[in-house]
Amino acid sequence: MPAAVEFRDLSVRSPDGRLILDGISLSIEAGATTAILGRSGSGKTTLLRTVNRMAEASAGQVLVHGRNVQTMDTVALRRGIGYVIQEAGLFPHFTVERNVAIVPEIEGRPRAERLARSRDLLAAVDLDPAVYAMRYPHQLSGGQRQRVGLARALAADPDLLLMDEPFGALDPITRAEMQDMLRGLLARFRETVLLVTHDLDEALYLADRIVLLSAGRLVVSLSPREFLASTYAEVESYIRAFHRGERAAGTRPSAQEAGAP
Amino acid sequence: MTSGFLQQYGSQIATLTIEHLWLTAAAMFFATAIAVPAGIALTRAPRYAPPVLAVANILQTIPSLAMFGFLLPLPWLGERAARIAIVALTAYALLPILRNTWAGIRNIDPAVVEVALALGLTGRQRLFKVELPLAAPLILAGLRTATVTCVGIATIAAAVGAGGLGELIFRGVASVDNRLVLAGAIPAALLALAADQLLGLVERRLRTPR
């Protein structure tokens, strides 16, 4: 099976000449969820954006389903790829319903079809269409906006979904709910997902494969199990940085336990 | 006495009001047709924005009487006073519309523009479905400022014989007749207020909830 996305010795430079990505070679398996993990500034968002040409390669290639994106029309390429960002980026002057169906709208699909699609997808992200379809984005909570953003990304029936820290701005409980919902959706739609996150827990929970970037270079690409067991210094320091509070609290007995006979 | 004055000048006031409206409307039409596309173009080539806005700014600072004077000796323009008036008024109306179109599009949340691109909207779709609707309230505010300015400056157009309510004002000043001055000034002020209210109403309707 050909890779859904393939990066071949990809480098990206910023307009001022700084190297943001340095010789990335990586295959993304179709139908799987791949988390791209790394610190702020490691280049993970840029890597994601080269797939739909929101960022351009300065050297090397990006292939989507075996085709070099550089040779493809950007509009057609982007319409075939779902895109979700942290702030959702909903159109403030459109209703929820119209936001979800924007890609079918710009493709000139009939209105009745668009509305039906929109309502189906709202139900799929657990938003009751009867309640939410006619609302405007400012009338929604952050979690609800993100659900609409996800429904919009799925509206074009893309086989590839790019997600850039989609749940990064949400509180932990809402984030957990969203992660559960996404898992359910992915089981149903069988999308290939590239998920940028700096949350190791999220990567372990959602991804089939974890890619770690550091300063624009690929460190490892491993399964979650392999990742946790890895002895790479950079992986270990990443793992150490997580659940520190839990560990710290776990080493000290709580007041109640200490007082118990 | 007042009724006698109105009987004598009533129809003249009406004619001049219509003339005044016509000059303003024609200028606003041309200014909008130039400044809105130009404002959009500046958002696509932002490095030209500072010089272009500076030129529009300078146009606006030219005293109106001097502007009419400058245009008077020009070949085709100088033949008809109304042409001079419309060109001058258009020049004054450019800046508010240009600046607000530019700012209205530039001020759109970058995440919204980013998503519009990433979803595969074409340039035209992005403009008409996203940018112009979101910038509309600000563009309209610019039109409103420009209209009120034009209604005021159009009174000076009478100095070059273009007509309008300024004619009554100039005549009143020359003959030291305050009734004539007021007969020009009051309808002009009312026109400005009416235009302001009307466009304000449209502007509020266009404002998107956020």
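Helix α7 (residues 123-153) of chain B contains 31 residues, yet its end C-alpha atoms lie only 38 Å apart, short of the 45 Å that a straight helix would reach at 1.5 Å a residue. The model is predicted: local features need pLDDT of at least 70, side-chain atom pairs count only at pLDDT 80 or more, and totals for chains, interfaces and linings use all residues. Residues are numbered from 1 along each chain as its sequence is written, while chains are lettered from A and ligands numbered from 1 in the order in which they are written. Helices (H or I, at least four residues) and strands (E, at least two) are DSSP runs, numbered from the N terminus.

**Helices of chain B**

- In α7(B), a kink of about 55° lies at B:A136, shortly before the proline B:P137; the bend at a residue is the angle between axes fitted to the seven residues ending there and the seven starting there.
- Helix α5 (residues 81-106) of chain B has 26 residues that should span 38 Å at 1.5 Å a residue, and its end C-alpha atoms are 38 Å apart, which agrees. The expected span is 1.5 Å times one less than the number of residues.
- A kink of about 30° is found in α5(B) at B:L94, shortly before the proline B:P96.
- Of the 26 residues of α5(B), 21 are buried, so this helix is largely enclosed by the rest of the structure. A residue is buried if 20 or more other C-beta atoms lie within 10 Å of its own, exposed if 12 or fewer, and partly exposed in between, with C-beta atoms placed from the backbone.

**Overall form of chain A**

- Chain A comprises 13 helices and 10 strands.
- For 261 residues, a compact globule would have a radius of gyration near 18 Å, and the 20 Å of chain A agrees. The radius is taken over C-alpha atoms, and the globule rule is 2.2 Å times the number of residues to the power 0.38.
- Along the principal axes, the C-alpha atoms of chain A fill a box of roughly 70 × 50 × 40 Å.
- Buried residues account for 41% of the 261 residues in chain A.

**The sheet of chain A**

- Four strands of chain A form an open sheet in the order β2-β1-β4-β5, with antiparallel pairing. Because β2 (19-28) and β5 stand at the edges with a single partner strand each, one side of each is left without a neighbour in the sheet.
- Two strands pair if DSSP finds at least two bridges between them.
- β1(A) and β2(A) run antiparallel and are joined by 6 bridges; A:V12 stands opposite A:L21, and A:R13 has A:L19 as its bridge partner.
- The hairpin of β1(A) and β2(A) has 5 residues between the strands, and A:G17 in the turn has a positive phi of about 95°.
- Strand β1 (residues 5-13) of chain A also pairs with β4 (residues 59-64) in the antiparallel sense over 5 bridges, and A:F7 has A:V62 as its bridge partner in β4(A).
- β4(A) and β5 (residues 67-68) of chain A pair in the antiparallel sense over 2 bridges, with A:R67 the bridge partner of A:V64.
- In the hairpin of β4(A) and β5(A), 2 residues lie between the strands and A:H65 takes a positive phi near 50°.

**Contact between the chains**

- 17 residues of chain A are in contact with 17 residues of chain B, contact being defined by C-beta atoms, placed from the backbone, within 7 Å.
- The elements giving two or more residues to this side of chain A are α2 (74-79), β6 (81-85) and α4 (102-106).

Key:
Contact = placed C-beta atoms within 7 Å.
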